[in-house]
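This report is written to be read beside the sequence and the coordinates. Please keep both in view while working through the sections.

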Amino acid sequence: MTPTTWFEAYLQRSGSRRVGHMWQCPGHRDASPSLSLTEGMEGRVLVKCFAGCPTDRIVDVLGLSMSALFESPPFAPERAWRDSRAQVLYPELEAGGSGGRGPRLGVPIETGFHYYTDDARLRRERFAGGKKRITWEERIGRTTWSGGLSSITLAELPLYRQVEALQGALCGEEVIVCESESSVDALFDAGLYATTWAGGATSPNLDRLQTVLSDHRVLLVPDNDIPGLDCSRRIREALIDKTASFRELLPAAGEDARDILRTAGTEAFRNQSFAPAL
Ligand SMILES: [Zn+2]
């Protein structure tokens, strides 16, 4: 048993519950798990509370000493927990929550990832009954990810599939700017060039869009709903004078770029008669 597996078993014995890759932190009232455990050199435990609890406090609350992180104590975790006489009160888990994967939705029936960088990705989950959940994750180890972004902000992320979109743009292709990563993926699959930004309709990354797409040809395809239309107005204002060409294609009410692709195919994006929509 490495110190990591020992510590994990001990933490579980203390009553901490795990959601996704994260455990409830014993150092603070943690209703939305924010403690990550990863294995470092020689099996030692790397403990990180994303709410900021210092490691020595976490260890202390659990009735352990720091040496337990480097070398498994001589007793089984169950017995060590019993002997510690430590008591930790963990709150009930919140559904959803910041970075937490709430337990009430159950197990996703479909999980996909959209990578913005090697170290930041969007986890997209679909549940029985049609519920969806999207959460950001950041790499904290070679194969370990934690919920939420802590070392980079959404505004600092590149556009989604930015490098590929730029490759198309530099070859004179029109770049489709739409509102979801799934749409971008579908458009690329259909042989088109597309991108979106991190953060959704409420916070279009206008600076990044300007920086990347200036002097290129842009086709904006907003989601046709109230936030989507408001967002598209802001993007239009930011890009219309900066780009080599700018046009818009408006999906039917309630629909998005992927719906156009599904119903009208790639020609809809190439056919000038579809634009300008507004
Ligand atoms: Zn904590």
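## Basis and domains

The structure is a predicted model, in which local features need pLDDT of at least 70 and side-chain atom pairs count only at pLDDT 80 or more, whereas totals for chains, interfaces and linings use all residues. Residues are numbered from 1 along each chain as its sequence is written.

The protein is divided into domain 1 (3–84), domain 2 (103–156) and domain 3 (162–274), with bounds that come from an automatic or database domain assignment. Between domain 2 and domain 3 the C-alpha centres are 23 Å apart, and their contact takes five residues from domain 2 and four residues from domain 3; contact here requires that the C-beta atoms of two residues, placed from the backbone, lie within 7 Å. On the side of domain 2 that touches domain 3, four residues are nonpolar, one is polar and none is charged, where Ala, Val, Leu, Ile, Met, Phe, Trp, Tyr, Cys and Pro count as nonpolar, Asp, Glu, Lys and Arg as charged, and the others, Gly among them, as polar.

## Antiparallel pairing

Helices (H or I, at least four residues) and strands (E, at least two) are DSSP runs numbered from the N terminus, and two strands pair if DSSP finds at least two bridges between them. On this basis, strand β3 (residues 35–39) and strand β4 (residues 45–49) pair in the antiparallel sense over five bridges, with K48 in β4 as the bridge partner of S36. The hairpin of these strands has five residues between them, and E42 takes a positive phi near 55 degrees there.

Six bridges join β5 to strand β6 (residues 120–126), and H114 stands opposite L122 in β6.

## The parallel sheet and its helices

Another open sheet of four strands has the order β10-β9-β11-β12, here with parallel pairing. Three bridges join β9 to β11, and V177 has L220 in β11 as its bridge partner. Helix α4 packs on the sheet, touching β9 and β10, and its direction makes about 140 degrees with that of β10.

Helices α5 and α8 pack at an angle of about 35 degrees, with their axes 8 Å apart. The residues that make this contact are S182, S183, A186 and L187 of α5 and A257, R258 and L261 of α8; by class, four are nonpolar, two polar and one charged.

## Nonpolar cores

A nonpolar core is a set of buried Ala, Val, Leu, Ile, Met, Phe, Trp, Tyr and Cys residues joined through C-beta atoms within 7 Å. A residue is buried if 20 or more other C-beta atoms lie within 10 Å of its own, exposed if 12 or fewer, and partly exposed in between, with C-beta atoms placed from the backbone. The largest nonpolar core has 37 residues, and those with the most contacts inside it are V175, I176, V177, A194 and V221. Domain 2 and domain 3 both give residues to this core, so it lies between them.

Leaving aside residues up to four places away in sequence, A194 touches A165, V175, I176, C178, S183, V184, L187 and F188. Apart from this core lies another, of 21 residues, among them L11, L37, C49 and V59.

## Single residues

L229, in helix α7, is partly exposed, with 14 other C-beta atoms within 10 Å. Residues up to four places away in sequence not counted, L229 touches P222 and N224. The C-alpha atoms of L229 and L250 are separated by 9.2 Å, with the residues 21 apart along the chain.

R85, in the loop between α3 (77–84) and β5, has a positive phi of about 60 degrees although it is not a glycine; R85 is exposed, with 7 other C-beta atoms within 10 Å. D215, in the loop between α6 and β11, is another residue other than glycine with a positive phi, near 70 degrees, and D215 is exposed, with 8 other C-beta atoms within 10 Å.

Technical notes:
Axes fitted to C-alpha atoms, helices over the stretch in contact; angles between N-to-C directions.
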